[in-house]
Amino acid sequence: MTVDLHDYVATVENFPEPGVSFRDISPLMGDGVAYRQAVDAIAAFAKDLNVDLIAGPESRGFIVGSPLAYALNIGFVPARKGGKLPREAVSASYSLEYGGENVLEIHKDAIQPGQRVLIVDDLLATGGTINATREIIEKLGGIVAGVAFIIELNDLHGREKVMSTGEVPFLALMNY
């Protein structure tokens, strides 16, 4: 059974700031059929890219990336916020959508040179977290094989920012 994933996205107006329409995938994750359909669609995309690993930025990238890695029988690499990893890590900073900066880190030994990595997240907004994740993967010698999202927010132009550092295969299951 195929469902319209849009039916499983809640829009919360004026969150986290006035004038923002927050796209919440919690209903999608709470429905087994919709969640499986989303993960399976990204898995089909990933299979064509011959990926070795899935990387997902904290925290919703974990929610998408972990079941995807399991479905593909490959490893998952978390890109954590700064200071959360216990061993030596490589980091990159990025600008937050609503002002300020943050840092992502990946363990230094999580990605081997030449490994093909698919970056996944629930939503692409401005592209900052994805580019920081990409920067770390490339510092470690990995190859970004593509990027995939459940939702892309077209008006924030994240795709252009992600592609500005080099074209990669791109998938967004829904666009707003």
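Student: In what order do the seven strands form the open sheet?

Tutor: This is a predicted model, in which local features need pLDDT of at least 70 and side-chain atom pairs count only at pLDDT 80 or more, while totals for chains, interfaces and linings use all residues. Numbering starts from 1 along each chain as its sequence is written, and side-chain values rest on heavy atoms, without hydrogens and water. Strands (DSSP runs of E, at least two residues, numbered from the N terminus) count as paired if DSSP finds at least two bridges between them. With mixed pairing, the order across the open sheet is S5-S6-S4-S3-S7-S8-S9.

Student: Which strands form the edges of the sheet?

Tutor: An edge strand here pairs on one side only. At one end, S5 is joined by seven bridges to the antiparallel strand S6, residues 101-107, and within this pair Tyr94 stands opposite Asn102 of S6. The edge strands are therefore, by the rule of at least two bridges for a pair, S5 (89-95) and S9 (170-175).

Student: What angle does the direction of helix H2 make with that of S9?

Tutor: Helices are DSSP runs of H or I with at least four residues, and H2 covers residues 32-47. It packs on the sheet through contacts (heavy atoms within 4.5 Å) with S7 (116-124), S8 (143-152) and S9. Between N-to-C directions, on a scale from 0 to 180 degrees and with axes fitted to C-alpha atoms, for helices over the stretch in contact, H2 and S9 make about 155°.

Student: Which strands does helix H4 lie across?

Tutor: H4 comprises residues 128-139, and its direction runs at about 155° to that of S5. The strands that it lies across are S3 (53-57), S4 (75-81), S5, S6, S7 and S8.

Student: What radius of gyration does the protein chain have?

Tutor: The C-alpha atoms fill a box of roughly 40 × 40 × 30 Å along the principal axes. For 176 residues, a compact globule would come near 16 Å, by the rule of 2.2 Å times the number of residues to the power 0.38, taken over C-alpha atoms.
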